[in-house]
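Visitor: Hi! Could you walk me through this one while I have it on screen?
Guide: Happy to, let's bring it up.

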Amino acid sequence: MKWSFLVVFVVLCVGWSVVFAEEVTLRILSLPWPQTPVEQRLANEIFTQKTGIKVVIESPPYQFVEYKIREIIDSKSDEYDLFEYDSQWIGEMVLAGGLERLDTPEYLLSPESTINFEKDFIQGFATYIGKFPTLGDDALLPGDAWRKYADTPLYGLPWTCGGLIFSYRKDLYAEAGIPGPPDTWDEMLEYAKKLTVDIDGDGKVDRYGIAWYATRLSDGITQQWLPFHFSFGAELWDPKTWTAQGVINSDRAVEALQFFVDFNLKHKVVDPATANWFVDEIMNAATQDKCAMWFTWVSFANVADNPALSKTAGKWGYTVMPGYRDPQTGQIRRASTFGSQGIGINAFSKHKKEAWLYLQWLKSYEIEKMLVDDPTAGYASARTDLLDYQKQFEPKWASIRTIIEGIARDVWTWPEYAELLDIQQRELNLAYIGKKTPKEALDNIALLQQQVLDTSPNNPKNK
């Protein structure tokens, strides 16, 4: 009788623990990318059904996500369990203690881990997006530079894989007798002149040769200018010495910025309103037949090719960015703005085990392939076992090529990046609209950014 009573008691206790156990809901603070609602749907249909763990993904407007992450980390809040973060935020997040380290026995080094960091993801893309600190963005360069960061702490995994890509109207190219996409900036300018047209004969341009956005908001003009800056052989700063003076305003940098602003001020092959354009405006130009070429991202290409949203759907071709032909060597040097994000666990989460379970699920081959296959997601995967598969998808493959060929370049990943970016945005925009010469703008950027770098607590000279 005693044993029977004990068995019944234990069974009842176990039953009650199940009935009254707290239901786990993972909360994810994300970015408003097209892949985000697709991730939510897959989580509902597959992850929750399999594990019983609910998932709620929130994606405020982009410009608010960083501030929200900062508030969560500064207050040591457990409101969110995972962050889907932009590349330049990682330093601020790590130095504030807000990201869980993943290269530990609890996570990637566990025998039960279903993820192998080096084998499963493109290197050094994954190194750059998830490890901190790295020296500038040298891990992204061609070769094995990323291997020097083998012992650098890891805090995140790739959430997206992409860089700025070149998009062109195949039908307009054919009509104009243009054989294919440009290899160089000079060729792109030549094509832009040919494709800037007054369609209805009223003396006004109806379709410009090329479109980009050059607003001071967020990182607008910086994203579009950097491919020129880097491909001309200029750099943003020297991360070894924390020096901007003489680097961002070098002779090559001035030449590159002059070439960039001349598209607007001299050649007039880009809408002058682009000085105030950001995402909405460039999407309108691409989808409403207002441009023949544009700089874009995989997610944006997804919209431009959607017949329900775009007059120009199905008419776009995609490739890597044109480049600068070195007059001494004849070689073409290309660059693309880095446009990838990572995902990591909030160090203050109360559901870290469940968050790690979700991370392994989300980054698995099966789920990554589902995201790739869903046209509404506009998603390119960084998994090595999906690279060959994605070659058939033109926008995705053009974006992935910028990563695996070492074309993509980024800004800064230290917390000072916001101050550095604000300075850069204002001065570049002033040059773009002709209020300053490129040299004046870059000299002022160098002066003001150097002040920020010199006073930074993260500068090795100040430690």
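Visitor: Let's start with strands. How do strand 5 and strand 7 pair?
Guide: Strand 5 (residues 165-169) pairs with strand 7 in the antiparallel sense, over 4 bridges. Two strands pair if DSSP finds at least two bridges between them. Strands (E, at least two residues) and helices (H or I, at least four) are DSSP runs, numbered from the N terminus.

Visitor: Which residue stands opposite Tyr318 there?
Guide: Ser167 stands opposite Tyr318, which is in strand 7.

Visitor: What's the strand order in that sheet?
Guide: The order is 6-5-7, in an open sheet of 3 strands with antiparallel pairing. Strand 6 (293-296) and strand 7 (316-319) are at the edges with a single partner strand each, so one side of each has no neighbour in the sheet. The twist averages 25° from one strand to the next.

Visitor: Before I go on, what kind of model is this?
Guide: This is a predicted model: local features need pLDDT of at least 70, side-chain atom pairs count only at pLDDT 80 or more, and totals for chains, interfaces and linings use all residues. Residues are numbered from 1 along each chain as its sequence is written, and side-chain values use heavy atoms, with hydrogens and water left out.

Visitor: And what is the mean pLDDT?
Guide: The protein chain has a mean pLDDT of 94, and 95% of its residues reach 70 or more. pLDDT is the predictor's confidence in each residue, from 0 to 100.

Visitor: Where does pLDDT stay under 50?
Guide: Over residues 1-21, for which the model has 1 contact beyond four places in sequence. Contact means heavy atoms within 4.5 Å. Where pLDDT is low, the predicted coordinates should not be read in detail.

Visitor: OK, helices now. At what angle do helix 9 and helix 10 pack?
Guide: Helix 9 (residues 220-231) and helix 10 (residues 251-265) pack at about 125°, with their axes 9 Å apart. That makes helix 9 oblique to helix 10. Axes are lines fitted to C-alpha atoms, for helices over the stretch in contact, and angles run from 0 to 180 degrees between N-to-C directions. Angles under 35 degrees count as roughly parallel, over 145 as roughly antiparallel, 65 to 115 as roughly perpendicular and the rest as oblique.

Visitor: Which residues of helix 9 meet helix 10?
Guide: Ile221, Gln224, Trp225, Phe228 and His229 of helix 9 do, and their counterparts in helix 10 include Ala256, Phe259 and Phe263.

Visitor: How does helix 10 cross helix 17?
Guide: The axes of helix 10 and helix 17 (residues 417-432) come within 9 Å and cross at roughly 50°.

Visitor: Switching topic: which peptide bonds are cis?
Guide: The bond from Gln123 to Gly124 is cis, with omega near 0°, and Gly124 lies in the loop between helix 5 (117-120) and helix 6 (125-130). The bond from Phe132 to Pro133 is cis too, with Pro133 in the loop between helix 6 and strand 4 (157-158).

Visitor: And what is the phi of Trp242?
Guide: Trp242 has a positive phi of about 55° although it is not a glycine. Trp242 sits in the loop between helix 9 and helix 10. Most residues other than glycine have a negative phi, and most peptide bonds are trans.
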